[in-house]
Amino acid sequence: MSKKILLPLVLLLTGIASFGQLYKKPVYPQGYFRWVTNLKPDIVANMGELRPNHWHMGLDVRTNQVVNQNVYAAADGYISFVGIEPLSWGRWIIITHPNGTSTLYGHLNDFRDDLEKYVTDHQYETESWQTALTIPPGRFPVKKGDFISFSGTTGGSGGPHVHWEVIDTRSSRRLNPTLFGTPIIDNIPPTALKLAMYDRNNSVYDQTPVQYKLAKSGGAYTVTGGIINTSLNKLSFSIQAYDTRNGTGNQDGIYSARLFVDGIEKSSFYIDSIDYADSRYMNCQVDYKMVSTGGSWMQHISKLPGDLSGVYYDLGPNNLVSLNDTLVHNVRIDVADADGNLSTINFNIRNNGVAAPPVKAYEWQAGRPNRLVKSSFEANMPLNAIYDKMNTGYSSTPSASLNSVSARHKLGETYIPVHSNFEVKIKPDKYISPENRNKIVIKRVGKNTTVRKAVWSGEWLTAQFRDFGVFEAFIDNAPPSVNALGSGDVVNLNKAARITFTPTDNYGIADFRAELNGKWLRFTNDKGRSWIYNFSDGRIPAGQHELTVIVTDIAGNVTRRSWQLVRGINPPAATTSGANNLVEEEPVRVIKKTEVAPKKETARPGAKTSNSKKTDTKNGTKSSSKVSSKTTAKTSGKSSAKKTSGSAKSSTAKKESTAKNGTTKKAVTSPKTAEKKAGTKSGTTKANATKKKK
Ligand SMILES: [Zn+2]
């Protein structure tokens, strides 16, 4: 298609839902994008799958469980952005197309040679491995089908695949790629498993909804007996449903659900176009309490009061089911996939005349700022931070924990989601010496743990959090620990393939920097835990060098260590055995691109050396015994010249922990949570399969 024909189509890109507006399915140019690999087109995830803290925002393109497959530009355009960061999409590319869309390719290994060099130069210029690089239009133009990168499993990926998104360039909203037409055939309608019913006079977080198993009867799904008798007079429903496609057991997210009462549409949602800034509203669409307490991932069809995601359409004066009489009413829920296949849930409902549960009062309301003020604790929730009314559930207990300087303050419940950052203020209840005043962190413990550096505000300590839990302030004056480079006065790295540092800290690492002879040296931090230098980077010439590592924790404590090393020459005679436990020998195995690499176990040796050569920390740091693992997962941006030789290229992905307590480095353009998707999926619902990930 020519650009001229495509330009007007941009105007059809979807708008934002508003009250009373009928949904119009967007019409996109079919066939504009080609499949991004030359492998058999298949996906392991679609847009709208429910992931921890976000919807999945694109397609996960299958790469047959191997990395380093060729990835191609989906259409003409130019490479406009390169991002590199821990977890998230790892290493990714955005291509901007002339028709008003852009496409994103994530979890990549090496980019094409000229781009790889461009990015590496930028990293050395900025002295940062993490990259958010906007590239001008003329620099890397591409034609549809041009090779752009090798695929991988970098970042928060659970297995080799390409994460692919379609973006409305102007608004940066993510568009449902399936609506552009894909080579994947799907004429199987979604499967509905379960229905849950909520008393909407009260908070959805303050009840346990009645659940109904759905079974197919006469072409439609229904509840047992076909009728629900209830005392509720203002209620809503959520459903558990998934979509699947021909020739796969894969369970993907549904596209839409529409609620009709007596034939009149009341509310609906469409996973159609979503802004990344709104992706956290997934927590508002699902029954978060049910998920958090080990139950199914159910999607609300009538949105909660605090929802501003834009995926819902309210089609009347209210989006709920009101039962103001004891007559029988019909409820129909249409569930569709993005290819237009439809399943229907159909049942009757009747108010049984019994008094409805009492309407309760709540401390906090959705849709307004909320505040809690206690004698030694405060919480300030901005507008739109919560999704439904709730009680704060506040309590305080004294703490005798080591280095604690406050009580333990409980706020909210871990099964109630929070949308945006809010301020926590704690008044310390113990003496803090002047030298410790700028070494204080506030720790939140809930389903996971978050640590933030505290900022003083008068007599109060403050920090921003995004989840409820138990909050407590601690003095942290213990610097991080760093494993030794190796043994001997001069560490012999002649046989090393890479150097790995895995610093540890009691509250969390905030920054890592390595220098070779005083100049920044690029270490990668793809999985957010270890920092790795690959000798194939070629930045350590033959000779003896000084390597320095500077690690900073969240509180600001710094550990600095230096070693002498040799590479490409014999070590000085005085040096003892150069063998050390930190480095591993270069693998020599040659694997063809198309071959499935054998699974290599990740070795995590226990006790290791700790011959600290020069230690320069405040507290005389002990060196930790964290040692480089034997994983073959590729995390470096090494030159692609090497790539074509195929040496040790295909690596099998390892599950990596995504826990990243307290670290704060994230680019705004990427999802905050890990991408989850391996080549295969278990038979349980998708959401269940993914819920442990974060
Ligand atoms: Zn993905």
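Helix length and what follows it

Analyst: The model is predicted. In helix H2 (residues 113-126) there are 14 residues, and at 1.5 Å a residue these should span 20 Å; the end C-alpha atoms lie 20 Å apart, which agrees.

User: Which residue just after H2 takes a positive phi?

Analyst: Glu127 does, with a phi of about 50 degrees, although Glu127 is not a glycine. Its place is the loop between H2 and strand E9 (131-134).

User: What is the phi of Asn384, and where is Asn384 found?

Analyst: Asn384, a residue other than glycine, has a positive phi near 65 degrees. Asn384 lies in the loop between strand E29 (377-381) and strand E30 (395-397). It counts as partly exposed because it has 15 C-beta neighbours inside 10 Å.

User: How is a residue within a strand read, and which residues is Thr548 in contact with?

Analyst: Thr548 belongs to strand E43 (residues 543-553). Leaving aside neighbours within four places in sequence, Thr548 is in contact with Ala514, Glu515, Arg560 and Ser562. Thr548 has 18 other C-beta atoms within 10 Å and is therefore partly exposed. From C-alpha to C-alpha, Thr548 and Trp520 are 9.4 Å apart in space, with a separation of 28 residues in sequence.

Conventions
Residues numbered from 1 in each chain as written. Predicted model: local features only at pLDDT ≥ 70, side-chain atom pairs only at ≥ 80, totals over all residues. Helix = DSSP H or I, 4+ residues; strand = E, 2+ residues; numbered from the N terminus. Expected span 1.5 Å × (residues − 1). Buried ≥ 20, exposed ≤ 12 C-beta atoms within 10 Å, placed from the backbone. Contact = placed C-beta atoms within 7 Å.
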